[in-house]
Amino acid sequence: MPIPVNISENEEKILREAVAASLLSARPAMPPGTNIGGHRLGTEPIAKNDDGTSNMEVSRLPPYQRTQAMEGNEYTQRHRSEMYKVQFSGVELSQGDTLVFVDFPQPDFLKPPVDCDGIPFRSQQFRVHSKNLLATGSSKFAEMLQPTYQFRIQRRRKLVNALPEGIKYVLDLTPPSEGDEMVFQITELSLTPGIIKWWSSYARLDVPFFLVKGHDDVCRCKEGTNRSLITAQMERAPVAGDSNQEANAPYVVTLPYTVESLVSLRNEGKKLQIEHVPPHFDIPDYCPIRHRNGIIRLLMLIEDREVFIDSAPRLWTLVALAKIWDCVSVVQDPALQWLLQGSNSKFIEILPEEAIRIGGIIQNAQVTRTAFKILVNELAIEQTALDKAKRSIDFNHVTFFGRRKGDPGDEFSNLIQHAALAFVERITNNLAELESDDILESWDIPEYKKLLKIEVALRFEDPKRCETALNMISYLKARMKKILSSVVDNLRHPYHVPTVLDCKRVDSERATYVEPLDFQEFTEIYRMMTPAQKLLTRYPYKELQNSWAEWTVKWSTDITGVNPAYFFQSLGSEMAKLYQLYKDLNAWGDNISPEFYEILSDNWEMPYGCLYPLRHSWIDSQVTHKIEELGARVRNKDQGLYIITTEHLLLDLKDGEIKFLPLWAGGLNDGTGGVFEDQLPPADMGPNGPGPAYHTGMTIPSDASSLSGSFVDDMSAMNMAGSTTAASVDVHDSVSTIYRPNHVIVDDKSIASESFKSDFSDYHEARDKIGEPGEKMVIVAESLDDLLQIADSDSDSAATIGCDDFDTLDDDDDIYT
């Protein structure tokens, strides 16, 4: 039986007809070339990984959530249908065993909140199925369906023993009006500045208008205008720089700005690209009507009904509500579809703080990892900036490249900071390697180390006889070092800009989201960067890769006119001559040094054999692989998404940085805090014991409650004097590892371990005899336990043992054999 609502039969009839006519299933994507009003809407594919596969399994999504293409008239129908379904939810959701109430605030009679059609909002009640609520796995809904809550809510709603036919449960989902829960919900639902102004991405980024241009629930877009509700024509936002237009004339400006136009606006003192926002897009960060309509839409998703997500505020609200009501699984697919559809995926790059919060709520590894990489890279660049840059750039609000910052939330802020520190440390180490005297040696290139080994052997044998080979090796080393070091030297050159850097393309991408006040050309930014900052971009690695490749390709020659591959072959031929010479002269006699003997073999005479000792192609591939490993790869083939707008960043996080992410995002953070702790260093001075008492001799040992008050305390109280043994005990704060002055006990041995019994019989026997009065004990220090009983029980002071005492005890061993 339909739920009674406060509308007339005629209104309900009209409403049902409108809803029935407007419920349109989404059409599949139009084939390329289809005319959709002259705009490229919906023809782009879902964002791709490097291997060309889709980022999500589209087949598991219902048809209305797959890639969409939409014209203006269809959008108008769906928008109107969405308004009606929310305004008259009792008609849309009229089946189920659970009655739901959502009370709206009392309206201002002078100016009540209305939708785009001027219809005021009113409290709603509708039906849903309890099985669908429980299927979400929500603990909140499960608790509300329990008898305790049901008795209280039915009494409050005066429905005790008066439930409508077919109703078993009653839910009141009206948001709280006071208390901590109200503060929490408002905080979660409040829109960020980036979310509010994402509507302009249809013009700045060519995002399909039906994804971002939807109006807010409370909207007065028809007031004082004669235009229709929403048209297919893509409106141009009123933007800065239109002072010549008449006050009442519509603003018509093409976005995005060119780099030249943006620089001009900056020089004119303009702060924003869009200074005059249309009233229907100038919305508050929190709206109680948006909050309540979001709850209704969330219940529609739970009931497997279509919800039209046509704006970033609507998506943000739904995701936040799913978190509040613990039913995230309901919004995972719609959120992913919205985020990854065509050029709208740039949302993740331009608003990574908002993206990582959404990705964290829906627990999507792709979105979270991509946003995490961008945020870590940006923070690492800030931390390595010069003091002058830190004073001139407000890093609290903008990044080094001018992007306005958001808030990633407390959950991810700490992870980003730790990862950025690890990233800076790794890049600093890379810089030290690049600036070392011999880059290839610091890189530990196997084939280059073989070349160094050959050089050392030749120098120790006969420099004159091996002069030709030595000269060739010296030339190869010098050329390879020069090729690489020339690129490294450019890192400290303030006016050098890599030739691989396409500044116009980078600035064009940045001009789509950087405000005029924060915009600066990339060449100027790059020139003020430190060497470490430059290594946090991809350009030095690409330049290094290109410089090496130009020298090593088979058909190239360097500035001396020598082909590197041919030169390696010439070195091999010279080594073959030396092999024959020494073979004939010495017949492998004793006059050849072992090092030289090791490098000579008949393999030098077989340049195309698989055992040929030194190949140009091997060192080429090894160096190329190392450069790629450092950061020359265009993109990592991991769980991240295809990056378009932030290609100037390195975005090459390794395991040491990714580990701070949660397990579901491919990290190692299991919530225990272990990921933030450094690994235990090696015990170079010998461990003092296993378990909690383990320490290295250079750190303060941890407390071990199981040992405290026993032999560890006894040993600490002993006065060990007269030798280095005392010092050893003091350093280790426990048992000495010195058995004799010339005998150090290694980690896996113990003092006189052969006399130590696993059943501790010797220990207990000795303890039984200690307390007997008048009895003198002579104890042989053959085990660790015997040392505990060295002190004479009759002595007024603690006994002291010098190094000579150990020798005496040693000499008396035969007494007890």
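**Exercise 1. The open sheet**

In which order do the three strands of the open sheet stand, and what pairing does the sheet have?

Solution. The model is a predicted one.
Step 1: The strand order is 2-1-3, and the pairing is mixed.

**Exercise 2. Strand 1 and strand 2**

Find how many bridges join strand 1 to strand 2, and in which direction the two strands run.

Solution. 
Step 1: Strand 1 covers residues 98-102, and five bridges join it to strand 2.
Step 2: The two strands run antiparallel.
Step 3: Individual bridges can be named. Val102 has Gln124 of strand 2 as its bridge partner, and Leu99 has Arg127 of strand 2.
Step 4: Now consider burial, for which a residue must have under 20% relative accessible area. Four of the five residues of strand 2 (residues 124-128) are buried, so this strand is largely enclosed by the rest of the structure.

**Exercise 3. Helix 14**

Decide why helix 14 can be called largely enclosed by the rest of the structure, and state which helices its buried residues pack against.

Solution. 
Step 1: Helix 14 spans residues 329-339, and nine of its 11 residues are buried, so the helix is largely enclosed.
Step 2: Its buried residues are Val330, Val331, Asp333, Pro334, Ala335, Leu336, Gln337, Trp338 and Leu339.
Step 3: These buried residues pack against helix 10 (209-212), helix 12, helix 13 (312-324), helix 15 (347-350), helix 16 and helix 17.

**Exercise 4. Helix 16 against helix 17**

Describe how helix 16 and helix 17 pack.

Solution. 
Step 1: Two packed helices are described by the angle between their axes and the distance between the axes.
Step 2: For helix 16 (residues 352-362) and helix 17 (residues 365-383), the angle is about 145° and the axes are 8 Å apart.
Step 3: The crossing of the two helices is left-handed.
Step 4: From helix 16, the residues in contact are Pro352, Glu353, Ala355, Ile356, Gly359 and Gly360; they meet Val367, Thr368, Ala371, Phe372, Ile374 and Leu375 of helix 17.
Step 5: Sorted by class, this contact has eight nonpolar, three polar and one charged residues.

**Exercise 5. Two residues**

Is His291 buried or exposed, and is Glu411 buried or exposed?

Solution. 
Step 1: His291 lies in helix 12 (residues 288-302). Its relative accessibility is 2%, so His291 counts as buried.
Step 2: Leaving aside residues up to four places away in sequence, His291 touches Pro175, Gln185, Leu189, Tyr286 and Leu321.
Step 3: Glu411 lies in helix 19 (residues 410-434). Its relative accessible area is 54%, and Glu411 is therefore exposed.
Step 4: Glu411 and Gly360 are 51 residues apart along the chain, and their C-alpha atoms are separated by 8.9 Å.

**Exercise 6. The whole chain**

How many helices and strands does the chain have, and what percentage of its residues count as buried?

Solution. 
Step 1: The chain has 34 helices and five strands.
Step 2: Of its 817 residues, 49% count as buried.
Step 3: Among contacts with a separation of 6 or more, 72% are between residues 24 or more positions apart.
Step 4: The chain exposes about 40500 Å², and carbon and sulfur atoms supply 52% of this area.

How values were computed
Residues are numbered from 1 along each chain as its sequence is written. This is a predicted model: local features need pLDDT of at least 70, side-chain atom pairs count only at pLDDT 80 or more; totals for chains, interfaces and linings use all residues. Side-chain values use heavy atoms; hydrogens and water are left out. Axes are lines fitted to C-alpha atoms, for helices over the stretch in contact, and angles run from 0 to 180 degrees between N-to-C directions. A crossing is left-handed if the near helix is turned anticlockwise from the far one by less than a right angle, and right-handed if clockwise. Contact means heavy atoms within 4.5 Å. Ala, Val, Leu, Ile, Met, Phe, Trp, Tyr, Cys and Pro count as nonpolar, Asp, Glu, Lys and Arg as charged, and the others, Gly among them, as polar. Buried means under 20% relative accessible area, exposed over 50%, partly exposed in between (1.4 Å probe, protein chains only). Two strands pair if DSSP finds at least two bridges between them. Accessible areas come from the Shrake-Rupley method with a 1.4 Å probe; for residues, only the protein chains shown count as cover.
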